[in-house]
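Reader: I have a structure open and a few questions about it. Can we go through them one at a time?

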Amino acid sequence: MNSSIQIRSATVDDVEEVYQLLLPYAEDDIILLRDRDNIFQHLQEFLVAEFDGKLAGTVCAHIYAENLAEVRSLAVDPVCQQHGVGHLLVEACETWLSGLGVSKVFALTYVTGFFIKQGYSIVSKESLPHKIWTVCVHCSRFADCDEVAVEKALENKTVKIDSRKERQDAKKGKTTERKAINAPAYVGNQQVK
Ligand SMILES: CC(C)(COP(=O)(O)OP(=O)(O)OC[C@H]1O[C@@H](n2cnc3c(N)ncnc32)[C@H](O)[C@@H]1OP(=O)(O)O)[C@@H](O)C(=O)NCCC(=O)NCCS
């Protein structure tokens, strides 16, 4: 694959494709099953990777607290795997979360090697707060979960607007450039291998 991949926020038009992308992995118990209603209800948390107008992958960022968010529902279309799409999705999620001020991200995963390549470290599941397990009770492997917990500290990229500078600029007739910190991430074209 030598084309450009666009990472963007998911829209309602993506729900069916996101559902179809996640379904086979959920049936194999690799990720948690999400029905269409659940995807609609959490749509603001989803990013998608688009390649040639087709959905190549998706990921979801769920925030628990200022110091903790989860990367979940990460899936790349099998025909698009091993071309950097998963990496771009996780990176976009991290940029989005750190822009919102979240300081740490974790995942529960069977693809530990993939996350280690993205800078994550293995941690004990016991180190994660109890509240993260509430969705796991719906998993058939809950009683005997062999997923690995991985986490990564995020560099805080929150942009603080200096209102004094803004007022000074306004007096000079200039407009202070504001960077959107809660905009849906990291939207743009990325060259992939
Ligand atoms: C795991 C998954 C998201 C990776 O997506 P991908 O687009 O193939 O990954 P990338 O091409 O971005 O890979 C980035 C790097 O990780 C490596 N990598 C990819 N999958 C890996 C795996 N399963 N184990 C170890 N390393 C892996 C790649 O070789 C690449 O290494 P490089 O930077 O040295 O070239 C994809 O295989 C997938 O959808 N798997 C099924 C669902 C799943 O397991 N989701 C994770 C739930 S937590």
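Reader: Leu128 first. Why does Leu128 count as partly exposed?

Author: This is a predicted model, and the answer comes from a count of neighbours. Leu128 has 17 C-beta neighbours inside 10 Å. A residue is buried at 20 or more and exposed at 12 or fewer, so with 17 Leu128 counts as partly exposed.

Reader: Where is Leu128 found?

Author: Leu128 sits in the loop between β6 (121-123) and β7.

Reader: And which residues is Leu128 in contact with, leaving aside neighbours within four places in sequence?

Author: Phe106 and Ala149. As for Leu68, its C-alpha atom is 9.2 Å from that of Leu128, although the two are 60 residues apart along the chain.

Reader: OK, now the largest nonpolar core. Which residues touch the most other members?

Author: Leu47, Leu89 and Cys93, out of 40 residues in that core. Several elements each supply at least two residues of this core, among them β1 (4-9), α1 (15-27) and β2 (46-51). The largest share, 8 residues, comes from α3.

Reader: What does Cys93 touch, not counting residues up to four places away in sequence?

Author: Cys93 touches Leu47, Val59, Ala61 and Val71.

Reader: Switching to the ligand. Which residues come nearest?

Author: Gln81, Gly86, His87, Thr109 and Gly113, of the 20 residues around the ligand.

Reader: Which elements each supply at least two residues of that shell?

Author: β4 (68-76), α3 (85-99), β5 (104-109) and α4 (112-117).

Reader: How many residues of the shell are nonpolar, polar and charged?

Author: The shell has 11 nonpolar, 8 polar and 1 charged.

Conventions: Residues are numbered from 1 along each chain as its sequence is written. This is a predicted model: local features need pLDDT of at least 70, side-chain atom pairs count only at pLDDT 80 or more; totals for chains, interfaces and linings use all residues. A residue is near a molecule or strand if its C-beta atom, placed from the backbone, lies within 6 Å of it. Helices (H or I, at least four residues) and strands (E, at least two) are DSSP runs, numbered from the N terminus. Ala, Val, Leu, Ile, Met, Phe, Trp, Tyr, Cys and Pro count as nonpolar, Asp, Glu, Lys and Arg as charged, and the others, Gly among them, as polar. A nonpolar core is a set of buried Ala, Val, Leu, Ile, Met, Phe, Trp, Tyr and Cys residues joined through C-beta atoms within 7 Å. Two residues are in contact if their C-beta atoms, placed from the backbone, lie within 7 Å.
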